[in-house]
Amino acid sequence: MTGPPILAGAQSSRVEAAAPPSLANASTTSRVLERYLNIADLRHASRKRLPRGVFEFFDRGSEDELSLAGNREAFARIKLRNKVLVDVSQRTTAASLFGKPLSMPLAIAPTGVAGVCWHEGEMELARAAAIAGIPFTLATPSVTSIEKIAAVEGVRKWFQLYMWRDRELSYKLVQRAADAGFEALILTVDTPVPPIREYNRRNAFSVPYVPSLRSLFDMSLHPRWLAGVILPYLLAGGMPKLAHYPPGAHSRMAAPAGRQNAVPNLRGDDLTWDDVKRLRDVWKGPLLIKGVHLPEDAARAVVEGLDGIVISNHGGRNLDSAVAPIQVLPEIAAEVAGKTKIILDSGIRRGGDIVKALALGADLVLSGRPALYGLSLAGQAGALHALSLLRKEMETTMGFTGCASVADIGPRAVWLG
Ligand SMILES: Cc1cc2nc3c(=O)[nH]c(=O)nc-3n(C[C@H](O)[C@H](O)[C@H](O)COP(=O)(O)O)c2cc1C
């Protein structure tokens with residue numbers, strides 16, 4: 001059994017066409033990537049490829065990283081059951097959401113500043129998503145603009161919004177996303193205050209980047225990254241900017257030394273359901289909120305007419321000791337399943353994790369770091385490799401659990417102890 005055509009045979013020629021210039025040719029790219037047998041392999045290689053400050057910025061969590069670890073532990077505690085003597089020879093990971101098909105029930109999560117991982121990283125992620133047949137979510141703090149992403153052919157484009165204190169600025173951004181044909185809007189509601197991530201201070205890494213001896217030394221140890229990611233930006237006119245931030249307000253990825261406090265934090269800690277209501281009036285397409293943990297908040301999302309909720313702890317990057325989303329999924333599904341779409345992220349590293357999430361009531365998952373690990377190694381081809389690994393593992397788990405289709409994945413596939 002193979003995956004849906006878009007991720008199987010049809011994909012390889014397009015992957016090759018997109019081989020990064022740093023690799024001799026397309027087949028070399030594929031051969032190199034085939035060495036990475038799972039997401040953990042990609043992570044390991046990514047750690048070597050990137051400066052420590054950049055890698056830890058992507059990879060780590062907040063405070064004591066209890067949520068980061070807890071996400072994986074929670075998936076590990078959920079067991080799967082064989083379902084025997086079922087014909088799974090025609091199994092497929094194909095799914096649909098908001099009336100449109102997907103090659104698998106997964107979308108690329110918004111991850112600001114992917115453009116530091118790979119030159120024009122968001123474009124590469126969007127192209128990988130197009131080939132993989134899944135949606136790509138552009139984050140508010142990205143270096144690639146809404147309009148540039150709109151030019152990527154054939155991708156389902158979603159936009160993630162951090163609502164700013166100045167609401168009118170945010171509504172202008174939302175209007176740009178609508179004008180550019182973005183399909184869905186995800187309002188992130190789990191970041192009322194900046195999280196505490198101590199390693200960024202230890203590594204002297206921040207956004208905007210403020211030059212320091214420590215970080216410059218770190219970068220000098222990674223000449224391939226400097227030449228492949230940063231140099232092209234410099235040759236094209238300077239360090240990348242956060243594409244959606246107004247001039248002078250957090251828009252540069254690099255700030256003059258000693259001026260890091262000169263940049264105001266635009267995000268508001270005064271967001272309420274009134275903002276959600278207003279957004280519902282403004283945005284006509286699917287509207288979701290991201291960062292829900294409580295059944296009562298999920299129920300309120302239904303009342304407000306939202307098309308979906310994302311159960312997320314931001315990949316363990318925000319509130320430390322936050323519950324793992326997979327732990328609260330069953331009670332939230334009991335409250336709102338069938339009334340709004342249930343999306344889950346945080347900690348998915350194997351295709352089997354996707355099956356676990358679907359079995360417990362999710363309609364779709366988001367994935368953040370896995371594609372970033374691949375991206376940092378080989379751009380679009382690397383991100384696509386990460387997605388293909390997850391899809392292949394999902395299909396394997398479906399085979400063992402007797403699920404020929406995504407619709408077959410239900411509670412009987414899991415054992416909670
Ligand atoms: C480097 C990085 C940047 C992120 N930036 C954003 C962001 O701008 N907006 C947002 O809503 N979530 C952001 N997230 C959270 C992701 O959307 C997602 O919730 C998380 O990565 C899921 O966990 P996973 O990485 O284990 O898949 C970011 C995550 C990472 C790793």
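Leu80 is partly exposed, with a relative accessibility of 35%. This value, like the others here, comes from a predicted model. Leu80 belongs to strand S1, which covers residues 79-80. Leaving aside residues up to four places away in sequence, Leu80 touches Val355, Lys356, Thr397, Thr401, Ala413 and Val414. Phe400 is 320 residues from Leu80 in sequence, yet their C-alpha atoms are 9.0 Å apart in space.

Helix H14 comes next. H14 runs over residues 325-336, and its buried residues are Pro325, Ile326, Val328, Leu329, Ile332, Ala333 and Val336. They lie on the same side of H14, because the arc they cover around the axis is only 150 degrees. An α-helix has 3.6 residues a turn, so residues three or four places apart point the same way. Which elements do the buried residues of H14 pack against? They pack against helices H5 (66-77), H13 (295-303) and H15 (351-359), and against strands S8 (287-292), S9 (308-311) and S10 (341-344). Just after H14, Gly338 has a positive phi of about 85 degrees.

| Residue | Relative accessibility | Class |
|---|---|---|
| Leu80 | 35% | partly exposed |
| Cys117 | 1% | buried |
| Cys403 | 0% | buried |

Cys117 counts as buried because its relative accessible area of 1% is under the 20% cut-off. Cys403, at 0%, is buried as well. How many disulfides does the structure hold? It holds zero. A disulfide is a covalent bond between the sulfur atoms of two cysteines.

Methods: Residues are numbered from 1 along each chain as its sequence is written. This is a predicted model: local features need pLDDT of at least 70, side-chain atom pairs count only at pLDDT 80 or more; totals for chains, interfaces and linings use all residues. Side-chain values use heavy atoms; hydrogens and water are left out. A disulfide is a pair of cysteine sulfur atoms within 2.5 Å. Buried means under 20% relative accessible area, exposed over 50%, partly exposed in between (1.4 Å probe, protein chains only). Helices (H or I, at least four residues) and strands (E, at least two) are DSSP runs, numbered from the N terminus. The arc is that of the directions from the helix axis to the C-beta atoms. Contact means heavy atoms within 4.5 Å.
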